[in-house]
Amino acid sequence: MMKNKAGKAALLMAGVVGCMSCNQLSTKVNTAGESAPTDLIQFVDPFIGTEKMGHVYPGATTPFGAVQLSPASNIQTMFQEDGSYNKSTYKYCAGYQYDDETIFGFAHTHFSGTGHADLGDFLVMPTTGDLTLEPGTADGEPGFHSKFSHDNERAAPGYYSVLLDDYNIKAELTTSDRVGFHQYTFPESDKAHIILDLIYNIYNYDGKGVWTFVRVENNHLITGYRQTNGWARNKKVYFAMEFSKPFTSYGHERYEKVPYNGFYRRFNEKENFPEMAGRDIRAYFNFDTKKDEQIKVKFALSSVSTDGAMKNLMAEIPHWDFDQVKKESQDRWNKELNKVIVESQTEADKKSFYTALYHTMLSPIVYEDVDGQYRGLDQNIHQSEGFTNHSIFSLWDTYRALHPLFNIIQQERNNNMIKSMIAHHDQSVHHMLPIWSHYNNENWCMIGYHATSVIADAIAKGVGDFDKERALQACVNTSKVPYFMGIGDYMKYKYVPEYKQGYSVSITLEYAYNDWCIAQVAKSIGKDAVYNEYMERSTYYENVYDPQIGFMRPKLANGEWKEGFDPMDTHGQGFIEGNAYNYGLYVPQNVNHMVELMGGKDHFWQHLDSLFTMPIADKYIENHEDITRDGMIGNYVHGNEPGHHIPYLYNWTSKPWKTQEKVRMIMDTMYGTAIDGLCGNDDAGQMSAWYIFSSMGFYPVCPGSDQYAIGSPLVKKATLNLENGKQLIINTVNQGKDNIYIQKVVVNGKDIDRNYLLHSEIIKGGEIVFHMDNTPNEAFGLKK
């Protein structure tokens with residue numbers, strides 16, 4: 001590894017030099033014995049989900065890469081002039097909506113599919129003509145943005161391109177893990193510019209930018225950092241930006257009021273002054289260009305330092321061959337996608353499958369430099385030892401299916417992610433595992449302590465070499481922080497009382513499940529006292545069930561039920577982003593007991609049927625951005641996570657075949673290949689992970705268990721190339737659009753008389769065969 005000073009000197013003197021670690025990028029023989037992966041990126045369409053509620057971005061990235069280089073199609077501030085919330089901001093959680101006609105530039109950090117946002121760091125925009133540093137507006141106010149046409153826009157894994165109509169500049173983007181690579185093809189111009197907008201943020205507001213510092217090291221290398229106070233309240237991102245061609249001049253504008261500037265007032269800082277500092281800055285770099293001349297930009301990120309960013313740049317892209325980096329990125333995507341090879345009923349199904357699989361590999365992201373250094377939760381610099389540090393843990397979403405999917409096809413990555421969570425705990429002044437964390441910040445979004453689920457699921461499935469004793473202690477510590485989301489009251493009352501904490505029922509249900517997960521972790525290492533304590537806590541869901549009305553409902557601290565309860569309402573009734581009809585069906589750790597409480601197997605399937613058919617008035621959902629008609633079937637909400645297990649609950653009733661019916665209906669109606677082909681926020685890959693599991697015919701209703709509930713496969717055949725070198729083949733007999741009902745399931749030549757698969761049956765390889773028909777086998781799956 002090149003030492004820091006030597007690396008900086010090399011960059012300053014000669015442009016970036018060094019040696020790229022190409023071993024992880026090269027094509028290898030996969031476990032199926034093929035000489036090269038099948039070309040599967042052709043079936044991925046990154047535009048799917050970029051319109052309406054999907055909130056995914058179309059730009060370039062690598063699998064789990066730290067850079068997500070993608071266009072900004074509009075600029076919306078978080079608040080309106082009167083201080084009220086700007087609802088249009090929500091559309092731009094990923095910076096892009098397909099129905100826009102403008103491009104404002106290309107930023108390097110993005111979330112995929114979230115329902116709240118941050119990031120959008122370091123917006124770069126090429127322009128020609130008279131320089132303007134004002135972005136303008138999409139509705140007509142002039143600025144440096146440009147019109148574009150989807151006819152001239154392309155997106156694929158690891159690549160994005162668009163023609164900027166106002167400037168006749170072709171923009172092309174690709175990335176390595178930590179470096180964004182821009183290639184701009186200019187017209188002839190003596191007024192060509194590349195703008196670096198350090199004000200732009202996703203979910204921006206006046207004051208989000210805390211400080212920005214830029215150094216012009218020479219006529220082709222820029223370094224600096226930006227600090228913001230947003231969803232992550234103390235986020236620092238460092239960068240190194242190198243141009244393939246020297247700029248002729250440069251400058252910047254500073255937009256905030258500056259009451260004191262010290263003796264920097266001696267200088268004309270705005271033009272050709274090699275330092276830029278302030279809260280709100282836009283910089284520019286000027287060039288002369290010939291017709292079709294390409295100017296390339298490499299933009300490396302680091303959480304540690306500008307020196308770290310330069311080391312990342314040297315290690316990952318030491319050359320200027322854009323096509324080589326694009327190929328390496330796409331080779332890596334093909335390698336990852338080849339972990340599951342499917343034969344589909346239609347080309348559209350295959351496109352939906354591989355786009356979903358792609359979306360499951362966008363986060364959590366690698367969050368450390370090439371030398372293993374990263375900025376931790378305590379804001380100190382840490383060295384990863386024995387793991388690769390990751391960030392962006394949207395755990396309320398992803399514990400349900402994304403991390404369980406990783407336990408099949410991304411085991412080593414999930415091991416690294418769990419070690420990252422434990423490191424987070426060790427750096428936390430609260431002594432807590434992450435709740436919803438990104439960029440070395442805890443943002444405290446949503447409820448529950450679902451890192452416990454991720455840990456328990458990995459242990460149940462034999463994944464990882466993390467320290468179980470240490471993991472258990474981190475789980476226990478997290479579950480006993482009294483000031484977090486009603487935990488103190490939960491331990492005192494054995495439920496979370498309404499009015500003491502909002503969303504009291506949802507929190508009680510999720511804590512009870514999380515506590516069951518902690519019990520499983522304790523059991524795995526023989527900690528009987530801890531196991532017994534948390535198994536008792538896992539029953540606390542019973543304390544918010546009202547048998548008189550048959551619903552989970554809010555209870556007051558005095559033990560009385562809250563008055564004026566409406567099980568249809570999603571607002572103010574004890575539930576977060578749901579209502580009692582759907583969220584109240586959340587006891588994954590003991591579905592049999594929940595069914596018994598709610599009237600038994602025959603009554604319960606009728607309740608589920610009514611959920612999918614009952615109308616729900618607008619007044620019950622209008623207070624939630626995350627619940628829309630696009631993602632609803634009756635009162636069942638597939639566009640949001642709390643109900644994703646519900647279609648599989650028929651397996652615990654006297655009519656398990658109804659799960660097969662509902663799952664296929666959801667795959668057919670809630671997913672598609674159109675631009676709005678995601679019915680709700682993809683939520684860091686959870687929505688897509690549901691589709692991957694369901695397409696293969698099974699789903700993890702209770703992460704932390706070794707069982708997967710059987711559904712109805714959509715694929716004709718799936719081949720899973722597992723990390724242990726084994727191969728699982730999922731086959732179907734008599735598969736078809738109307739043949740949605742399972743007649744029998746055969747695992748390695750033996751019929752099974754249960755409606756679940758075991759993790760061992762998947763991870764040991766072999767063959768699972770689903771025999772299908774167009775009428776239900778009502779006897780299949782009755783033994784649960």
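Predicted model: local features only at pLDDT ≥ 70, side-chain atom pairs only at ≥ 80, totals over all residues.

Biologist: What is the strand order in the open sheet of 6 strands?
Modeller: The order is β18-β32-β33-β37-β34-β35, and the pairing in this open sheet is mixed. The edges are taken by β18 (340-343) and β35 (750-751), and each of these has a single partner strand, so one side of each is left without a neighbour in the sheet.

Biologist: Switching topic, what's the order in the open sheet of 9 strands?
Modeller: That sheet runs β6-β7-β8-β9-β17-β13-β12-β11-β15, with antiparallel pairing. At its edges stand β6 (153-156) and β15 (275-278), each with a single partner strand, so one side of each has no neighbour in the sheet. From one strand to the next, the twist averages 15 degrees.

Biologist: How many bridges join β13 to β17 in there?
Modeller: Strand β13 (residues 235-243) and strand β17 (residues 293-302) run antiparallel and are joined by 6 bridges, and A240 stands opposite A300 in β17.

Biologist: Which strands does α2 touch when it packs on that sheet?
Modeller: Helix α2, residues 306-316, touches β9 (179-186), β12 (221-228), β13 and β17, and its direction makes about 125 degrees with that of β17. Helix α3, residues 322-337, also packs on the sheet, where it touches β6, β7 (159-164), β8 (169-175), β9 and β17, and the direction of α3 makes about 45 degrees with that of β8.

Biologist: Now helices against helices: at what angle do α4 and α16 cross?
Modeller: Helix α4 (residues 347-359) and helix α16 (residues 686-696) cross at roughly 130 degrees, with axes that come within 8 Å. That makes α4 oblique to α16, and their crossing is left-handed.

Biologist: Which residues of α4 and α16 meet there?
Modeller: From α4 come D349, S352, F353, A356, L357 and H359, which meet S688, Y691, I692, S695 and M696 in α16. Sorted by class, the contact has 6 nonpolar, 4 polar and 1 charged residues.

Biologist: Last one: how far apart are the axes of α6 and α7?
Modeller: The axes of helix α6 (residues 402-409) and helix α7 (residues 411-427) are 6 Å apart, and the two helices pack at an angle of about 130 degrees. Residues of their contact divide into 5 nonpolar, 4 polar and no charged.

Notes:
Residues numbered from 1 in each chain as written. Heavy atoms only, no water. Axes fitted to C-alpha atoms, helices over the stretch in contact; angles between N-to-C directions. Helix = DSSP H or I, 4+ residues; strand = E, 2+ residues; numbered from the N terminus. Nonpolar A, V, L, I, M, F, W, Y, C, P; charged D, E, K, R; others polar. Pairing = 2+ DSSP bridges. Contact = heavy atoms within 4.5 Å. Parallel < 35°, antiparallel > 145°, perpendicular 65-115°, else oblique. Left-handed = near helix turned anticlockwise from the far one by under 90°.
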